[in-house]
Amino acid sequence: GDVPAEHQRLAEGTGRSRRRRRRGRGGGKRLKESALHVFAAEDLQGIFSTDSMRAVLDYKWRMYGKRIYLQQISLFMVFMVCFAVYTNYLAQINAADSLYDVYLNNEQGYTQGIAMMALFLALVLLNSVYAALELMQLASEKFGYFSSVWNVVDLSAHSLVFAVVGLHLTHSEDQFVVAALAAPLLCFKVLGFLRGFLSTGPFIRMIIRIVVDTRLFFMILFVVLVGFANAFYLVYQRQSVEWISLGAALLSSYRMMFGDVDTSVFSDETEMFPRSAEQTAFTLLFVLFFLIVVVILMNLLIAILSDTYTRVQENADNEWRLEQAKIIAEIETYFLGRRGRGHFPRWVQVLVPSSGEWFEKSVPTIA
């Protein structure tokens, strides 16, 4: 019978990948040429709606993907606990204290100092492992590594953790500032791990889509905010510390966008403006600001978010399958190694319901 075109392309692509694997050298290179890795790298979510690709994903996830993924999550949660306890311990001590005073001669007791030292060493060791994995991936993918937002988050987070450790060893008070920057990035990495589960994966995918779809909108919003902030600064700079500089004016304009407005400036009895012309200009700018930013741009943002939510929700299962495929591809490339040779069968047999459209087109009906 006739086989749908996407099934033919899948079979042809898999056949070419198999021939390349026989000719190629090196496990990582052969894996990157496989059909699953190509589809995941190109974000071809439509292909994962086919029964054959879903069967491949389910097979690999059941055989080794879920087990290794849960191990990764468990290890990272240990790392998160080490980081949280360690940084909160640092917040309670004097940054200028020597390492001897911090760990061996602290006021909390010798035992707690030894425990914190062990926690510090565990944090450095685990962070070194994660940083090495990111550098391996960077060396393998080169500039393509930065095309994934999760790679950027991972590399930035573990770099900041190393910075916290270095600043702690040099008794710098900036260690708390850097630790404050690293904490949300590590939490974002936890969100990255939630991609692998059906209950949370579509929501994480939706967040990514929203960030991508709103990038141009926020660029336009920033330009408009800068323009109004500059105008408010020129009119209002001598009357309030909130507008004393262009940076302060930009922050105050951002707060105005959410309704944080000092309404006393519109009173006729106010002495905020020495001249009526300045008050008239401020009132006119205020009306234009709310009309353009709050009414038009904010409603446009709501429309963009609603459209993105609808599109992702309609393809929630395919979106999650794409994320699952990327996770499996990463596991096969960097964690499975030679142990996975028995996990790649030559054929995967798929049974489809007899009432399915593909079956009716492929198998002739017996009268």
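Axes here are lines fitted to C-alpha atoms, for helices over the stretch in contact, and the angles between them run from 0 to 180 degrees between N-to-C directions. On that basis, in this predicted model, helix α4 (residues 51-90) and helix α8 (residues 175-193) pack at an angle of about 160°, with their axes 11 Å apart. The chain holds 14 helices and 0 strands, and buried residues make up 37% of its 367 residues.

**Helix α4 against helix α8**

- Angles over 145 degrees count as roughly antiparallel, and α4 and α8 are therefore roughly antiparallel to each other.
- The crossing in which α4 passes α8 is left-handed.
- On the α4 side the contact is made by Tyr-69, Gln-72, Ile-73, Phe-76, Phe-79, Met-80, Phe-83, Thr-87 and Leu-90, while the residues contributed by α8 include Phe-176, Ala-179, Ala-182, Ala-183, Leu-186, Cys-187, Lys-189, Val-190 and Phe-193.

**Helix α4 against helix α7**

- The axes of α4 and α7 come within 13 Å and cross at roughly 35°, and this crossing is left-handed.
- From α4, the residues Phe-76, Phe-79, Phe-83, Tyr-86 and Leu-90 meet His-158, Val-161, Val-164 and His-168 of α7.
- The residues of the contact between α4 and α7 divide into 7 nonpolar, 2 polar and no charged.

**Nonpolar cores**

- The largest nonpolar core has 43 residues, and those with the most contacts inside it are Phe-48, Phe-79 and Leu-186.
- Two or more residues of this core come from each of α3 (35-41), α4, α6 (110-141), α7 (149-169), α8 and α13 (316-336), with α4 giving the most, at 15 residues.
- Leaving aside neighbours within four places in sequence, Phe-79 is in contact with Leu-123, Leu-126, Asn-127, Tyr-130, His-158, Val-161 and Leu-186.

**Contacts along the chain**

- Among contacts between residues at least 6 apart in sequence, 70% join residues at least 24 apart.

How values were computed: Residues numbered from 1 in each chain as written. Predicted model: local features only at pLDDT ≥ 70, side-chain atom pairs only at ≥ 80, totals over all residues. Heavy atoms only, no water. Helix = DSSP H or I, 4+ residues; strand = E, 2+ residues; numbered from the N terminus. Parallel < 35°, antiparallel > 145°, perpendicular 65-115°, else oblique. Left-handed = near helix turned anticlockwise from the far one by under 90°. Contact = heavy atoms within 4.5 Å. Core = buried A, V, L, I, M, F, W, Y, C linked by side-chain atoms within 4.5 Å. Buried < 20%, exposed > 50% of the residue type's maximum accessible area, 1.4 Å probe, protein only. Nonpolar A, V, L, I, M, F, W, Y, C, P; charged D, E, K, R; others polar.
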